[in-house]
Amino acid sequence: MRCLLRRALISLSATLLAGAASHVPSTQAAAAEVTELREGTGKDLTIGRCIICHSVEYIPSNAPAMNRAAWQKTIQKMKDRFGAPITDEEAKQILDYLDANYSGKSG
Amino acid sequence: MLTRREVLCAAAGWLATRASAEPNLSTGSAGGEELLGALPGKKPLIQRAFRPPNFETPLAGLAPLYTDNSVFFVRYHLPTIPFVDAARWQLQVGGASAQRKLALSLHELKSAFEKVSVTAVNQCSGNRRGLFTPRVPGVQWANGAMGNALWTGVRLRDVLHKAGVAADALEVVFNGADVPLLPETPDFVKSLPIDRALDDGTLIAFEMNGQPLPHWNGAPARLVVPGWTGTYWMKHLTEIRVQPTAFDGYWMKSAYRIPTGAFATARFASQETPENTPITEMVVNSLITSPAPSARVRRGEPLHVRGKAWDGGAGITAVEVSVDGRQTWREAKLGRDLGRFGWREFELPLDTSHSGPIEISVRARSRNGATQPEKLTPNPGGYHDNLVQTARVEVS
């Protein structure tokens, strides 16, 4: 049920987005939502899971506060506390991607 | 549970946000490049996150005595934010420690209770988190997750008394119209201790600076808790519950907490553990709005340091300025007193007769004796950064 609801919501958003594109310049809509993340293995999975609930500016902006352990904790929090639909295998791929590209914590 | 119609409305609201934000790059107050984006009805603000919308006021927007609604900061936790129809909006009041249930329309709220106003600073708990050293995860706010406004509405106390407050009431719980996307995500629900809820100053506001509340600041009605951080100022308020127990939702038990005893602020006893406790009041603080960081002035040209000082409601008694590396301090002239919850403007002319750099440090003092520290009190949420700040100016 939960998965069905999720799929329904996501496809609903996608449908409405397609509808909205007809009366707004697409460059504006795209520029507002899409924040490019660094190329790397796991990028699409990371964007795909994170943007269900939030835009991805958080990833580069938080990089200076993050290392592998901090990303691990964050992903776990998103899964356990916020119900993010991420399997353990996906969580590992997302962690590897974030750690490789957005671990900027010094020391 | 949301109806299909409500989901559609909410999703449409989200799309309206997507469609009309116009991000472009501009030089931010910290000297770096900041992404600016305009939400519908707002001027371009610094875009910390697009969804949920988290936008902060650029430094120039904090210079006026009252922060304009069009530049007032925006902070949300959940992605689904309905545009609430004020004509159909209802506020439900009840709970196990309420003697009767109420359902108030906006018209009833406005006509059945005394209308009152308060000038108060609304500051996000995490304002300045992005300035923390070492860095702390979360929305990386600089100085602009705050503003000062005239809030008009009715006393929460009067509404609670109409419902009848039982002797065993411990906390009052508040919910707003924004909802999570996933069923497992905790809804954003907050509580206040009963004494703070019954305090004269706590309002259900429907106007901000003489205008109906803007959508992004909580239309049609929001909670105003003068002196306490923004997390308690529930937007799009829909439900109030008076209860005899401590509310155990995620946003009280796990988020917005500070180490117990680390700050000399009001206690929230029913939510306290030996390790941590909810953030409550704001700590004494100040902001230099002028000169802008790294400004240049000509030798002999007039130069004033100007800014704002505020605290959790004791009121500001003095603002001191140092231009010699914090060795000696001079008192700035304070502006109009807007009441103990509003911010206080300060101003001091500075000597520009010699060429070279000037480092201008400012510290505010509260009526309760508290002053801004030189050292940060570390805490995992990145709250209460009220370090003495310094603006650097070059005289040539």
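What share of the contacts in chain B with a separation of 6 or more comes from residues 24 or more positions apart? In this predicted model, such pairs make up 66% of those contacts. That is a handy way into chain B, whose overall build comes next.

Chain B holds five helices and 26 strands. Its C-alpha trace stretches over about 70 × 45 × 40 Å along the principal axes. As for burial, 52% of the 396 residues in chain B count as buried.

How far can the model be trusted? For the model as a whole, the scores are ipTM 0.87 and pTM 0.88. Chain B has an average pLDDT of 92, and 92% of its residues reach at least 70. Residues 1–31 of chain B are another matter: pLDDT stays under 50 there, although the model still gives this stretch 65 contacts beyond four places in sequence.

Now for one of the sheets. In chain B, five strands line up as β7-β6-β15-β10-β11, making an open sheet with mixed pairing. At the edges sit β7 (102–105) and β11 (189–193) of chain B, each with a pairing on one side only. On average, and with direction ignored, neighbouring strands of the sheet are turned by 20° against each other. Within the sheet, strand β6 (residues 90–94) and strand β15 (residues 237–243) of chain B run in the parallel sense and pair over three bridges. One spot to look for in this pairing is B:Val93, which stands opposite B:Ile240 in β15(B). A helix joins the picture too: α3 (residues 156–163) of chain B packs on the sheet and touches β6, β7, β10 (171–176) and β15 of chain B. The direction of α3 makes about 60° with that of β6(B).

Over in chain A, one residue gets a closer look. A:Ile94 belongs to helix α6 (residues 88–102) of chain A.

Terms used: Residues numbered from 1 in each chain as written. Chains lettered and ligands numbered in written order. Predicted model: local features only at pLDDT ≥ 70, side-chain atom pairs only at ≥ 80, totals over all residues. Pairing = 2+ DSSP bridges. Helix = DSSP H or I, 4+ residues; strand = E, 2+ residues; numbered from the N terminus. Axes fitted to C-alpha atoms, helices over the stretch in contact; angles between N-to-C directions. Contact = placed C-beta atoms within 7 Å. pLDDT = per-residue confidence, 0-100. Buried ≥ 20, exposed ≤ 12 C-beta atoms within 10 Å, placed from the backbone.
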